[in-house]
There are 8 protein chains.
Amino acid sequence: MPMNPQELTSLLRDVAAGNISCETAQAVLAGNENKDLTLDTWRQERTNVGEVVYGQGKTLEQIRASLAELGRHHPVLATKISTAHGQELKNLFPNGCLWEEARLFCLGADLLAADPKAPDSEVLIVTAGSSDLPVAREALGTARFLGLGAHLVSDVGVAGLHRLDPHLPSLRQARVIIAVAGMEGALPSVLGGLLKAPIIAVPTSTGYGANFAGLTPLLAMLNSCAPGVGVVNIDNGFGAAVLAKKILTRQE
Amino acid sequence: MPMNPQELTSLLRDVAAGNISCETAQAVLAGNENKDLTLDTWRQERTNVGEVVYGQGKTLEQIRASLAELGRHHPVLATKISTAHGQELKNLFPNGCLWEEARLFCLGADLLAADPKAPDSEVLIVTAGSSDLPVAREALGTARFLGLGAHLVSDVGVAGLHRLDPHLPSLRQARVIIAVAGMEGALPSVLGGLLKAPIIAVPTSTGYGANFAGLTPLLAMLNSCAPGVGVVNIDNGFGAAVLAKKILTRQE
Amino acid sequence: MPMNPQELTSLLRDVAAGNISCETAQAVLAGNENKDLTLDTWRQERTNVGEVVYGQGKTLEQIRASLAELGRHHPVLATKISTAHGQELKNLFPNGCLWEEARLFCLGADLLAADPKAPDSEVLIVTAGSSDLPVAREALGTARFLGLGAHLVSDVGVAGLHRLDPHLPSLRQARVIIAVAGMEGALPSVLGGLLKAPIIAVPTSTGYGANFAGLTPLLAMLNSCAPGVGVVNIDNGFGAAVLAKKILTRQE
Amino acid sequence: MPMNPQELTSLLRDVAAGNISCETAQAVLAGNENKDLTLDTWRQERTNVGEVVYGQGKTLEQIRASLAELGRHHPVLATKISTAHGQELKNLFPNGCLWEEARLFCLGADLLAADPKAPDSEVLIVTAGSSDLPVAREALGTARFLGLGAHLVSDVGVAGLHRLDPHLPSLRQARVIIAVAGMEGALPSVLGGLLKAPIIAVPTSTGYGANFAGLTPLLAMLNSCAPGVGVVNIDNGFGAAVLAKKILTRQE
Amino acid sequence: MPMNPQELTSLLRDVAAGNISCETAQAVLAGNENKDLTLDTWRQERTNVGEVVYGQGKTLEQIRASLAELGRHHPVLATKISTAHGQELKNLFPNGCLWEEARLFCLGADLLAADPKAPDSEVLIVTAGSSDLPVAREALGTARFLGLGAHLVSDVGVAGLHRLDPHLPSLRQARVIIAVAGMEGALPSVLGGLLKAPIIAVPTSTGYGANFAGLTPLLAMLNSCAPGVGVVNIDNGFGAAVLAKKILTRQE
Amino acid sequence: MPMNPQELTSLLRDVAAGNISCETAQAVLAGNENKDLTLDTWRQERTNVGEVVYGQGKTLEQIRASLAELGRHHPVLATKISTAHGQELKNLFPNGCLWEEARLFCLGADLLAADPKAPDSEVLIVTAGSSDLPVAREALGTARFLGLGAHLVSDVGVAGLHRLDPHLPSLRQARVIIAVAGMEGALPSVLGGLLKAPIIAVPTSTGYGANFAGLTPLLAMLNSCAPGVGVVNIDNGFGAAVLAKKILTRQE
Amino acid sequence: MPMNPQELTSLLRDVAAGNISCETAQAVLAGNENKDLTLDTWRQERTNVGEVVYGQGKTLEQIRASLAELGRHHPVLATKISTAHGQELKNLFPNGCLWEEARLFCLGADLLAADPKAPDSEVLIVTAGSSDLPVAREALGTARFLGLGAHLVSDVGVAGLHRLDPHLPSLRQARVIIAVAGMEGALPSVLGGLLKAPIIAVPTSTGYGANFAGLTPLLAMLNSCAPGVGVVNIDNGFGAAVLAKKILTRQE
Amino acid sequence: MPMNPQELTSLLRDVAAGNISCETAQAVLAGNENKDLTLDTWRQERTNVGEVVYGQGKTLEQIRASLAELGRHHPVLATKISTAHGQELKNLFPNGCLWEEARLFCLGADLLAADPKAPDSEVLIVTAGSSDLPVAREALGTARFLGLGAHLVSDVGVAGLHRLDPHLPSLRQARVIIAVAGMEGALPSVLGGLLKAPIIAVPTSTGYGANFAGLTPLLAMLNSCAPGVGVVNIDNGFGAAVLAKKILTRQE
């Protein structure tokens, strides 16, 4: 997709200011990467969730071209955006919304503001520790992008279970729980033994040594003695929010 | 819990007929194992799904005592029942329902008959191959035990995707999909890219060599490029059905 | 070590009764295996815990010879005894004590009776589920063999944490806690966040699929977010009891 | 092999311009590394594919010496070239062809232009997503280097299978398919169930968390329920193209 | 598919002779398992290789029903058949061909006789040791079933490479090589460095200790320093033969 | 928790001096991160060890806020502090104590000075090699923070066991041993066979190749043939000291 | 190789006595398996150690044919012989020597008697525990077969290092040490730090839980902090003895 | 050990020239690290190989102090030296010998010159590819340090076995072979099948993808079908040379 004049002006200014390198600008102008892209613009209709741009391992130009193409008529989200790419995308799309800690960037939606239409919390995202916040925020931002009412409760891991107490009313009211935990990943088991709502468990790579970058909480969550827990990939806050969306959409 | 006279008569007859060994009968009469059991009779109320007896690695007497205690007032299910234990449980509880291929035994419910109250299929269980049937049947039996309307479609793996075609209407109508697959475990990705319903993915230990007893489909499902897939443990048809129950119950 | 006349008579009677095979009797009489044994009779003095016979992968004659030699002057314990070996040892040493479910056999001590000298529980062994009982009993029997006051509380896993409540006074009173759990192995974390006593965590091979025969609870326990947890090998109830002994002995 | 005067001049100019460090120039001039090289100049004759320089973990001088020696009479290819080495090789061999995104460098051939002699596509390289492009391009460049007619189709992964539709005629016409995929690696299974041509599957390290740097698609491809799939190492686009060459050469 | 009278008579005779158990006969007559089967009768046309029955983890009745249905009009093959099932299938289908060492059973073809139409060997199957023979025979039988000219050379592993010498002419003449090896799996690398034909590498589970049931040769083959090697699953002789078929069919 | 004037002045000075970046200062002033923190101020009372700040994967502001809040009335420790964060914390809390090699920072205690109240060594920390010192120092600093009398003996690994000799009196006198080792991790086995005190084993990530970043000593310690060894996570000197504290506190 | 009359008579007698099944006798007589064997009769000359028959996963007839062929002119050894095969081989070759505990069978040598020509011990085989004896005996028998002077010292593992003391003179005198150990595998490190002779380390599969069938001692031995240790496969006593032979032969 | 005046002068000059940082100089002068060192000066006498300094994960001051102390009376070697430390050590010990590509530094010996006393090659070091050279050079330098006659032959991997031919005379003459290989690690098997000398196999981390940083050649070498191969850790050229030294020393 060729750039429009406004985008072109912005691009050139950023080059002048040193925000974007000459090589990237050259690639953007030549559009020589996006000839290989085949976008799935029909996915929203089939699955209720449109195509999202997975940012890891992609060049800036690949991400830009996908966002520009998919964002023509609908909001579009990109995940796993590096810090460097995030700043450059903000320069390329000044109206876009960047949430650096969540590694999210989107066009056409506000990831940082809760949806006022959802006064009662539909999705409650719970973390075991504050090191799990980046993944929890990826889930939170994605949930907001998908139009869900989502809230975040942090730091209620099993080393101090009493911290769950003040949150029990919200936990019982939530229609879906997303439990985000690293280390031994015990939080979903505890919640699954206390609550009626389905639990989506997200292991994180928080930990060291025999944690093996999230393998430990992943295995623990798959072996939860409390049934009714669905597990997603390590650090996959995005996937958890999409599953929540699919669960909640079916109810309408 | 002591046995009632009818159970006692039945037990003695089975001993006489050689169906139950003297040692087991002795243990049953002495009740010397169940002193260590602490049952969670309150779980139904907290989580919508009552305590279920996990049969693997337990002695016959442990399973019997748990079933008898939990089954006093409510139906109760036991999973991962060995063939030998299954026959003995049928002797101990002649009114119980044994589904050998699903490794399930229950009191107070019929695992083999679909619920007539659910004409439209709420849960559709789909298998990649016929080797996945035992796990799929564990999910089917559990779903029926929990009162869900559940159906089973077999043998629609990705090596012949056209076999999905005749089932697309049911797949689109189902409120939850349980996708059961071994080998490379690609079925949930394909379904997740086609359907709006949440997908619960169950890897099975079907396969050999570098399958590593289900590790391959487990990893594949966790890495599904179609988001909105929640994964349970290898061969855990039971857990998939409980998650389906929790998803669907929230809708009422 | 040659057999005494009484042992010889007993051996021959068992051969006559078919309890012991001719080959084993021959080996016992010839004593042709124990020439390779080098026993560590000095270990009790160095480490407070004498040499114990590890029964797995050993022949009956190897176990017999070690027990006979080590048991001359002191009580002696054998662990991981198979069912078949257990019965044969009982025949060879009629005064010995066999606890089949714990896979323990000993000379000179009673594994099944608590020590009356320890009215207040010094070691409290806690299991997550009843499938963990064999390992918990190995810890219990070993603790009794070592002269500790030990008690067992079963089935208080994290899927129903309220079951911990009636046991909190004993848990707070215990000087060492041994927490035995399979599946996701979360119990030590929960206890470690509640109690002052050191926690010895024993992962068990209870579980299936992605449990990997105890790897999951092992990793979870090593990554416990509640510090102060020392972990032993999978299914190693024996080692946990020895560590408890070493901790408690230092206090006198 | 000593440098010729033209190479020497070029080298010195690059040193002057700062393109090549003094240390490297010194090594090149001294030729002190290549005494350890033993080149396999006879491989082309034995196996139809001449020796190729594997660039990873080698010093610039090792790569230079091998290229110079092997490239005396025939074209020669180097793979897994780092960005830094690529630029320096381009300086050392101004007539060489560098394809940075494919990490390839060669003498005596053009990696970027398709062979006009192959109007009907003999090898079709297919990727699941655009993150797989670097590996697919390694396959594409190698295939061109080997004289094959090769084309690339991108972004037709299983999350949107309809994207395969417009490419089915080419897929059915291709004599060999190279399927490149990361994440769950399901593409080769789907293609293997649809097509008559042999499928060469290339897992990529695209993904995160429980992907384990390509282990997941590798295992999935080895367990493909569609038989007739040959798998190469993770990210090994080069090996896939060589296998295609060997398959196609046999046909003449 | 109901049985025809001849099959029925045969079945009843086998029950009378004790060759087939009552339970299996009952299942066969009721046909109560095959309602879950969805056969892919169109696969031959799409992929040149018809559906094959994977026998592992299936009941006898599942295998029987699939063979009967698929074998109506075309030959059909079943793989990974247990010894017990093999004998029972031979009873059920007296005209079928059972190759016990290869774990193969088929209807409508002769697995044990080479095809006279292929005087020059098209596929040469080579094993490192005689422990690899069962897998090599699975490849050989499958190749014959698919109409290929296939021969087997055994015991030419790298510990005595001179044993390759007398076979070099056949190796150079073969159009496809299937190299079957356990232990360190080095044979495909050696052959790949000597020959022009494509090499299909089959790791076997031959070995012990740090072999990890075939993981070692699998990894070694994927890392072959001789390019042009396509690897299939551990012990997957069947898949290797199908890949050979696909490679060779394209040549006509 | 808002900053007090003194902290504010210090912060601004550091910004002026370039010690702290503007972004961090902004975050500190806005306090916009710590709204997600839920601190467990009650932990000291329940478990004898108060909440400690785990520094890995946290932002500077998260660590600062936790330290400030937890440190209001009691000393507080932070572990796994990066070099960069360590310097910035020293700037933010000039009275704090930073031990860079141990990756520790604390308020209200001196990590570098042994406690004069403990003339006889209660905890003896022993390392196999000098590469294990950073982890041993984490244990030493934590033990001092917790009020234990702790000493360190270095470089007594099994390749030169005679080096243990001069330390045997202290080893026999110590009430708890913390054994820190990488490579093959044999030290705890040797000590466990020599001493009466409980052994806490800490595997370290010292080593390369098949060490797998500490997996080897972790497995070795779990399989110690000397019973009475409790293992903590790889590189977890902190957890070892807390376990020592719990063991020793029970003795008073 | 056809049987001679004496062998034939022996075979038929064993069939009559039920020692050998009809099927095996049929195979032996038809010689229909050994057509696939390619024996390496030249290996002795090349490598100082002739071809040995690896018995695992082979049929009785494969083993018999290889022994008969290789044993025509020289002694020949077979390893990893199952109990059942061992008895049948003893029947087929009444003059052969079977050492059941070592899983060895040989023709033309006596595995059970030490070589009188080697009064000073050239190879000393040392085990950590008595569970390691089967592997140590495989090494011992192989060493004797190869003409080495070999002795065995058992049960000197690191849990009681003083047990090494009485053996230090022999250890210092030995020209090669073979150290056999399971569990944590620390023995080779201790010996490597004490002795001048090269250490060949043999990990065994003795242990349970996180031992992973010998993986733990294998990794520990590879990471030995005492250099000069060469490691062979888990349970590979045979390979250790061959390496000893190659080391010692060079000295003459 | 305090510095002598010459060392002090050199140190200060380097600080002035910026070669050594102030912090390091401070540590060196204060000698505040080496108080934790316990050197094993007696090792040479016990094991024929004196203590060597393992440089990985150590600070410059730790390495310096060890070298200075151990090097008082004898030559001393340090391994796994980083590039940065290597330069600084060269500054601190101007008479030392640095071999950067081998990551070795030593005092009192010349690593780069072969020993003229060993005209016939005692140790032959062979590599599969030129990427394996750094590890081979570590073996070569260590062998020279230990006084062995050692030579290096490079690039004779199994993809072109004919390259072995010109080296067969030296290979047959060598008393010990060190075979260094990455990728599939097949070289030791090939050599073990050809030669009488003992083979020491060194896997390297050369490779990518499913090589897993040397795990593949490590496993392959442990499973070598040619017996008589002793394996050391991945990339452990040093250990291979020490084992060669111990093998060869015994011969005198």
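Helix 6 and helix 10 of chain G cross in a right-handed sense. This is a predicted model, so please hear everything I say as computed from it. Helix 6 covers residues 133-145 and helix 10 covers residues 237-249. Their axes are 7 Å apart, at an angle of about 40°.

Who makes that contact? On helix 6 of chain G, the residues are G:Val135, G:Ala136, G:Glu138, G:Ala139, G:Thr142 and G:Ala143. Helix 10 of chain G answers with G:Gly237, G:Phe238, G:Ala240, G:Ala241, G:Val242 and G:Ala244. Sorted by class, the helix 6 and helix 10 contact has 9 nonpolar, 2 polar and 1 charged residues.

Now to chains D and B. Their contact takes 26 residues from chain D and 26 from chain B. On the chain D side, helix 8, residues 187-192, and helix 9, residues 215-222, each supply at least two residues. Helix 9 of chain D gives the most, with 4 residues. The side of chain D that touches chain B divides into 13 nonpolar, 12 polar and 1 charged residues.

How are the two chains related? Chain D superposes on chain B by a rotation of 180° with 0.0 Å of shift along the axis, at an RMSD of 0.0 Å. That is why I call the axis two-fold. Which C-alpha of chain D is nearest the axis? It is the one of D:Ala186, 2.8 Å away from the axis. Both copies use the same surface, since 100% of the contact residues of chain D recur in chain B.

Key. Residues numbered from 1 in each chain as written. Chains lettered and ligands numbered in written order. Predicted model: local features only at pLDDT ≥ 70, side-chain atom pairs only at ≥ 80, totals over all residues. Axes fitted to C-alpha atoms, helices over the stretch in contact; angles between N-to-C directions. Left-handed = near helix turned anticlockwise from the far one by under 90°. Contact = placed C-beta atoms within 7 Å. Nonpolar A, V, L, I, M, F, W, Y, C, P; charged D, E, K, R; others polar. Least-squares fit on C-alpha atoms with pLDDT ≥ 70 in both.
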